[in-house]
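Here is a short briefing on one helix and the sheet beside it. The chain and its coordinates come first.

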Amino acid sequence: MRRKSVTSTQDLARALPIGSIVIADHQTAGRGRLDRRWESPPGTALLVSFVLPPNPILSLAAGVAAAEACGVGIVRLKWPNDLMLGGGKVGGVLVEATPTKAICGIGINLTWAPKGAARLNQDRDQLLEKLRIELERWTSATADEVLARWRALSDTLGRRVRVELSGTAIEGIAEDIGPQGELIVDGRPVTFGSVIHL
Ligand code: BT5
């Protein structure tokens, strides 16, 4: 379904069956993780939510799919869910799960970006079509295939990082991602948090 203005595409998607897609020109309450805001003026971004079956590594699979749709060699992945273009954030993935389905939200800046962020300058409907195809492909792939592709597209692995968790932070080398998509920093698995590339 297509809408001019919504609170968040995630809110509409939640009530729809698996297989549904919600796309909007504008969100009045677009969100990121941990109640953060996702900003974009009307008509400047791809804002879409896919209703999918539950999948433990959907966030990584969706990141891979989005990077492939944007163009290989153009967009890279920053753990856990950022799409990076030339050092700036160009998009993000937000997965919200219910017991029976997963709502996979993807936002990609096209003609506008906040200060310090990036934009892709591609046609929205063409990008959506590529994204549907890549999402279908990567949500049907095995976990090993997703993890291998995520590693290849990663902008985080091999770097020195600071991971901010609630109240604390750790620093070290981002060595790998584990089987559930956790980031391994100096041998320690990190399951959530915000990463700063040092
Ligand atoms: C994300 O969260 O990166 C996930 C964003 C998902 C957005 C899509 S749009 C369609 C669907 N409907 C929704 O309501 N959401 C999804 P997170 O990693 O928490 O990053 C949020 C942070 O990114 C904010 O706190 C800002 O610092 C920054 N930010 C906000 N808007 C941005 C933008 N347009 N481009 C780049 N960075 C942005």
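**Helix H3 and its sheet**

The buried residues of H3 pack against strands E1 (2–6), E2 (21–27), E3 (45–52) and E7 (102–109), and against helices H2 (58–70) and H4 (143–153). Contact means heavy atoms within 4.5 Å; buried means under 20% relative accessible area and exposed over 50%, with a 1.4 Å probe and protein chains only. Helices (H or I, at least four residues) and strands (E, at least two) are DSSP runs, numbered from the N terminus.

This is a predicted model: local features need pLDDT of at least 70, side-chain atom pairs count only at pLDDT 80 or more, and totals for chains, interfaces and linings use all residues. Residues are numbered from 1 along each chain as its sequence is written, and side-chain values use heavy atoms, with hydrogens and water left out.

**The helix**
- H3 covers residues 124–140, 17 residues in total.
- Buried in H3 are Arg124, Leu127, Leu128, Leu131, Glu134, Leu135 and Trp138.
- Seen down the H3 axis, the buried residues fall within an arc of 135° (taken from the directions from the axis to the C-beta atoms), so they line one face.
- Gln126, Ile133, Glu136 and Ser140 are exposed on the face turned away from the buried side of H3.

**The sheet**
- Seven strands form an open sheet in the order E1-E2-E3-E7-E6-E5-E4, with mixed pairing; two strands pair if DSSP finds at least two bridges between them.
- E1 and E4 (76–78) stand at the edges, each with a single partner strand, so one side of each has no neighbour in the sheet.
- E3 and E7 pair in the antiparallel sense over 8 bridges.
- Ser49 has Gly105 in E7 as its bridge partner.

Conventions
The expected span of a helix is 1.5 Å times one less than its number of residues.
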